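Hi,

Here is the structure I said I would pass on. Have a look at it first, and then read my notes below.

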Amino acid sequence: MRSLPSIIHLDMDAFFAAVEQAAKPSLRGKPVVVGGLGGRGVVSTASYEARRFGVHSAMPMAQARRLCPNAAFLAGRFEAYRQNSEIVMGLLRELSPLVQPLSLDEAFVDLEAGPYGPVLAEADHETGERLVLALAEDLRADIHRSTGLTGSVGAAGSKLMAKIASEQAKPDGLVLIEPGQERAVLGPMPVRALPGIGPATEQVLRRAGLSTVADLAEAGEAELVALLGRAHGAGIHQMAIGLDERPVVADQDAKSVSVEDTYEVDLADRDRVLREVEALSTRCVRRLRAAGRSGRTVVLKVRRFDFSTLTRSETLGGPTDDPAVITAIARRLAEQVDITGGVRLLGVGVAQLADYTQEDLFAQALREEAAEHAEAVEAAEAEQEREAAAVRRWLPGQDVHHAEFGPGWVQGSGVGRVTVRFETPWSGPGRVRTFAVDDPALEPARPLPLRRVADAGGTEGEEGPQRPEG
């Protein structure tokens, strides 16, 4: 455990919803809900304005609509979220090479490994804490200047306490927990405050009369091991007494790469299931190659109409990123699954990852096998493209550009019409106009940056704000 609170945890505030509000001036200060808009969609992120009505992440979208019917319900724009995440992560890496992203919107940073490490090492305790606070405040200011978004920061002597601190700091705040105060801070908290304690573990602990972190600390390791098992019980006890020696690990290695889709209507047709599996395999390979990886095990995930979930897998003799190989295996696994009653979710993944590929005769044979039905797949894809061209689909929140009116975003569509609000992140609330869904002047567009370069602290042509020396 560290004597200085030199580990910080950044958690962006309502990130997806905040990006939407920053991009769309007419939504600022209003409830915004981002997620799946179909009948089985769930909330990904809700703005703080929507949270006041009880809306929260992982809630069924239908329930969110009942709780907050006047909110703006938007489909996700993941390109925009990735763009802003890259800006934020770049600012974190100016503080230290040891940045451990947990998702697009949160990460740990080890300040001792960065350019301020030597100063922290030589400083007395009070000076070191003041420097950590100054760096955290500068980080929050840089993020807001570069993106217009806010983030909450926790600083502590361990990852556990830094994350606890950032939760206490929300929204748009900064909290430092002094090393040595871990048990005092953790004690009154419910057991669910500790990572690794979910609903099932919470029920086991409650039945034993353990409802707070202080209860866990007082129970002792032996009792927790008896209740939860050796590894889990010992780990929970260590956290309950405030001990966490986990280092900040940069670029944590992924164990698998996968994609999945949930369908609004259960899939009961075998050919349709196989086509979806092939499309998922293509997306999975694209993600695998983007990460520069290959893998030995292909995994198929199927969730059936009754919510029962099964997985099937097949392991190769060596790692591959060959799309024909991965698609053929996923297809073969899908052919073995009983789809009676319908399928609500399909997923394809690749595990046992490696940084290289190993071509073999088996891969060649699978490519030849895949070629046998390639023509049918191409025909199906061509039909889907024709259908998509015949009826253009516009999603709420989607970026668009009109030849006459310029950039805007889709407010809604239906009965052959699409409503667009024309505004940018740098304008005031814009005007609304309605067009035919097939209006040739209206086209999908890429997200605009939330800050123009000059507004972000530089001048036109510069890469962005630079951290001052010292």
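Arg 145 is partly exposed, with 31% relative accessible area. Both residues sit in helix α6 (residues 125-147), 3 residues apart, or about one turn of the helix. Helices (H or I, at least four residues) and strands (E, at least two) are DSSP runs, numbered from the N terminus.

Before going on, a word on the source: this is a predicted model, where local features need pLDDT of at least 70 and side-chain atom pairs count only at pLDDT 80 or more, while totals for chains, interfaces and linings use all residues. Residues are numbered from 1 along each chain as its sequence is written, and side-chain values use heavy atoms, leaving out hydrogens and water.

Back to the charges. The salt bridge count comes to 23. One of them pairs Asp 110 with Arg 2, with the closest N and O atoms 2.8 Å apart. That pair links distant parts of the chain, 108 residues apart: Asp 110 is in strand β6 (residues 106-110), and Arg 2 is in the segment before β1 (7-12). Asp 110 is buried at 7%, whereas Arg 2 is partly exposed at 22%.

Lys 24 and Glu 20 also form a salt bridge, at 2.5 Å between the closest N and O atoms. Lys 24 is buried, with 1% relative accessibility, and Glu 20 is buried too, with 0%.

Now the sheet. Five strands form an open sheet in the order β16-β15-β14-β13-β17, paired antiparallel (two strands pair if DSSP finds at least two bridges between them). β16 (431-436) and β17 (442-444) are at the edges with a single partner strand each, so one side of each has no neighbour in the sheet. Strand β13 (residues 399-402) is joined to β17 by 3 bridges, and His 401 stands opposite Glu 443 in β17.

And how many disulfides does a search of the whole structure find? The count is 0, a disulfide being a pair of cysteine sulfur atoms within 2.5 Å.

Cheers

Terms used:
Salt bridge = Lys/Arg side-chain N within 4 Å of Asp/Glu carboxyl O. Buried < 20%, exposed > 50% of the residue type's maximum accessible area, 1.4 Å probe, protein only.
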